[in-house]
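Please have the model open as you read.

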Amino acid sequence: MGCSGTYDQVMDATDPLRDNGIGALDKLSRPLRDLRVSVTDRCNFRCPYCMPRELFGPDHAFLPRSELLSFEEIARLVRAFASLGVSKVRLTGGEPLLRRDLHVLVATIAATPGIEDLALTTNGSLLANQAQALSDAGLKRITVSLDSLDPERFRALADTKVPLETVLGGIAAASAAGLPVKLNTVLRRGVNDNGLLDLVDFARARGHTLRVIEYMDVGTTNGWVRDEVVPSAEVRERVHAVHPLEPIGDEGTAERWRFADGTGEMGFVSSVSKPFCATCTRARLTAVGELFTCLFATTGTDLRAVLRSGATDEELTAAVRGRWAIRDDRYSEQRGAGATDLPKPEMSYLGG
Ligand code: SAM
Ligand code: SF4
Ligand code: SF4
């Protein structure tokens, strides 16, 4: 991972996908390995960096239910992606736990041949009641977003009436249900960066992995300013000064470091300061079935239309393969170079 990797290094020469003719390589030789599935564009939080209340207020037109992919349609698409090399699936949104009976979808995806890892990203507010059913259905792990452990700060950052206690209860329930827990924190300078060490201590004490994520210029509504980005290197130094850290390598998009005293590990996602486009093997599926090949892509490919036109499995797979074959996205590497000033879809819609 990281900007040090070259595009040629992404593929191992012995990788079976390189030569077997199924063609799931993009224009920069990156294979298709993981899929984020957004199951809804709705959310019960209004985090200003994602769904600012001014723009996602009572008048906002969320997608009608009939527009959403059904569980059967999602399952069919996941099978098509799996046949092209996807082994990791993450369910997200919006807030995925707002989608009724999500555990039913989890069970179907968990049973899909080729899917080895199935995870979920949630704000945790509805987790306490669902954790056991999700775990029983075959969910492998869970990521809970948590930007502050201060009740008032939390309320402001999530712009919600849901108290912090409810999210902490959800985290505890997930752990009790046997799900490994990661905590995602988006750190912003002058906003919540003074709570960093509290979050580190909270995670360490409970055996969770904290991942600190750089604030990104996703979407067009969050008023991103680069000054608020706290670069991972700085975050790591701040933690290291109190709890010495040692590198253990990279995992997907995160750099992993362990605490020298043996009390676990933490991760850093440096999307802004150290882009990892060279090794980006991720596709995104929106709740209405559009395939996006980059978090910053301006348009998607309508797979729902293919599905609902009565396409065979082969035709569906060919549509995905064809789109992946022409992928050349590497927005984070081009950021700041005037790469794209076109309006980008919001993260809550795309599936963060
Ligand atoms: N609602 C769920 C949640 O909050 O975990 C899942 C969807 S949310 C869009 C997924 C992740 O995107 C969250 O961890 C959130 O912190 C992150 N996110 C949203 N806007 C972001 C931004 N501008 N920069 C970095 N991460 C962001
Ligand atoms: Fe909702 Fe997640 Fe976006 Fe916050 S980050 S508004 S919880 S979708
Ligand atoms: Fe992948 Fe696009 Fe992010 Fe680069 S900017 S790492 S291509 S999602």
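Which residue lies over the face of Tyr215? Arg188 does, at 4.8 Å from the ring centre.

## Ground rules

This is a predicted model, in which local features need pLDDT of at least 70 and side-chain atom pairs count only at pLDDT 80 or more, while totals for chains, interfaces and linings use all residues. Residues are numbered from 1 along each chain as its sequence is written, chains are lettered from A and ligands numbered from 1 in written order, and side-chain values use heavy atoms, without hydrogens and water.

## Aromatic pairs

Rings of Phe, Tyr and Trp (its six-membered ring) pair if their centres lie within 6.5 Å; planes under 30 degrees apart are stacked, over 60 edge-to-face, and the rest tilted. The count by this rule is 4 aromatic pairs. One of them is the tilted pair of Tyr49 and Tyr215, 6.3 Å centre to centre with 45 degrees between the planes. These two tyrosines are 166 residues apart and link distant parts of the chain.

Tyr215 also pairs with Trp224: the centres are 6.5 Å apart and the planes at 55 degrees, so this pair is tilted.

## Burial

Both Tyr49 and Tyr215 are buried (under 20% relative accessible area; exposed is over 50%, partly exposed in between, with a 1.4 Å probe and protein chains only). Tyr215 has 2% relative accessibility, whereas Trp224 is partly exposed at 21%.

## Charges over rings

A charge sits over a ring if NZ of Lys or CZ of Arg is within 6 Å of the ring centre and within 35 degrees of the ring normal. Besides Arg188 over Tyr215, the charged end of Arg236 sits over the ring of Phe268, 5.6 Å from its centre.

Key. Helices (H or I, at least four residues) and strands (E, at least two) are DSSP runs, numbered from the N terminus.
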